[in-house]
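Consider the sequence and coordinates shown below.

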Amino acid sequence: MSKYSFELKLQVVQEYLSVVGGYTYLQDKYHLQGTRQLLYWVNSYKEFGEEGLRRKKHNAAYSTQFKLNAVNLYLTTGKSYREIANELKINNSAQIARWVLDYRENGEFSFSKTRGRPRKEPNLPLNNKKTSELSDSDQELSKIQKENLRLRIENEYLKGLRRLRLERQVKENPDLFNTSNDDSSSPSKYS
């Protein structure tokens with residue numbers, strides 16, 4: 001059972017949004033442990049409505065590609081975990097932080113692990129080989145895949161920087177990028 005009921009969460013959030021009191025006032029009034037919990041509830045309510053305050057009945061399962069995209073989004077945009085979680089419609093921003101940490105430790109292979117106890121089939125070879133047990137070609141392939149992913153992320157980051165720089169230049173000097181042909185005083189080289 002969750003520590004705070006759905007009704008209490010909803011009441012506290014609605015009081016905050018109707019400006020009955022600030023975070024500290026409501027924390028003291030309802031004997032909450034800290035204002036961080038209230039901040040989380042308010043954000044969840046704003047992003048997901050009442051469903052954001054309800055306790056989930058089951059854990060969501062995310063694909064490996066979804067996790068990689070979330071990590072890529074965090075690493076290339078400079079947004080916070082909360083902003084990315086809101087953008088991807090994930091209520092728990094700590095999940096994004098966990099994925100980023102796993103990615104930094106183990107690369108893209110950290111998301112392809114199967115959960116649970118491995119099956120007991122003595123005749124099948126084990127797939128849980130450590131890097132020292134892998135053949136040279138498998139190690140080289142793994143190394144190349146990690147490098148490829150790193151370069152793709154770096155490329156996306158640089159593209160984003162270039163786009164931002166061009167947008168800033170357009171804002172600062174819109175005439176520099178004006179492509180209209182209204183200037184009839186200049187001779188055309190084709191006339």
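At what angle do helix α4 (residues 64-77) and helix α7 (residues 136-172) pack, and how far apart are their axes? Before the answer, some conventions. This is a predicted model, in which local features need pLDDT of at least 70 and side-chain atom pairs count only at pLDDT 80 or more, while totals for chains, interfaces and linings use all residues. Residues are numbered from 1 along each chain as its sequence is written, and side-chain values use heavy atoms, with hydrogens and water left out.

The two helices α4 and α7 pack at an angle of about 50°, and their axes are 9 Å apart. Axes here are lines fitted to C-alpha atoms, for helices over the stretch in contact, and angles run from 0 to 180 degrees between N-to-C directions. α4 and α7 are therefore oblique to each other; angles under 35 degrees count as roughly parallel, over 145 as roughly antiparallel, 65 to 115 as roughly perpendicular and the rest as oblique. The crossing of α4 and α7 is right-handed, a term used if the near helix is turned clockwise from the far one, whereas left-handed means turned anticlockwise by less than a right angle. On the α4 side the contact (heavy atoms within 4.5 Å) involves L68, N72, L75 and T76, and these meet L149, I153, E156 and Y157 in α7. By class, the contact of α4 with α7 has 5 nonpolar, 2 polar and 1 charged residues. In this classification Ala, Val, Leu, Ile, Met, Phe, Trp, Tyr, Cys and Pro are nonpolar, Asp, Glu, Lys and Arg are charged, and the others, Gly among them, are polar.

The protein chain as a whole has 7 helices and 0 strands, where helices (H or I, at least four residues) and strands (E, at least two) are DSSP runs numbered from the N terminus. Along the sequence the pattern is α-α-α-α-α-α-α. The protein chain has 191 residues, of which 23% count as buried; buried means under 20% relative accessible area, exposed over 50%, and partly exposed in between (1.4 Å probe, protein chains only). Of the contacts in the protein chain with a separation of 6 or more, 54% are between residues 24 or more positions apart.

α1 passes α2 in a right-handed crossing. L8, Q11, V12, E15 and Y16 of α1 make the contact with Y23, L26, K29 and Y30 of α2. The residues of the contact of α1 with α2 divide into 6 nonpolar, 1 polar and 2 charged. In the loop between α1 (6-17) and α2 (23-30) lies G21. G21 is buried, at 15% relative accessible area. Apart from residues up to four places away in sequence, G21 touches E15, Y16 and L26.

α2 also packs against helix α3 (residues 35-48): their axes come within 9 Å and cross at roughly 110°. That makes α2 roughly perpendicular to α3. From α2, the residues Y23, T24, L26 and Q27 meet T35, L38, L39 and V42 in α3. The contact of α2 with α3 has 5 nonpolar, 3 polar and no charged residues.

Two residues of helix α5 can be taken together. N86 has its place in helix α5 (residues 81-87) and counts as buried at 11% relative accessibility. Neighbours within four places in sequence aside, N86 is in contact with N43, E47 and F48. R82, also found in helix α5, is buried with a relative accessible area of 18%. Leaving aside neighbours within four places, R82 is in contact with Y40, N43, I90, N91, N92 and S93. R82 and A97 are 15 residues apart along the chain, and their C-alpha atoms are separated by 9.3 Å.

Last come the aromatic rings. Rings of Phe, Tyr and Trp (its six-membered ring) pair if their centres lie within 6.5 Å; planes under 30 degrees apart count as stacked, over 60 as edge-to-face and the rest as tilted. By this rule there are 4 aromatic pairs. The rings of Y62 and F66 have their centres 5.1 Å apart and their planes at 15°, so this pair is stacked. Y74 and Y81 form another stacked pair, 4.4 Å centre to centre with 15° between the planes. Y62, F66 and W99 are linked into a cluster by ring pairs. Y62 is partly exposed at 29% relative accessibility, and F66 is partly exposed at 26%.
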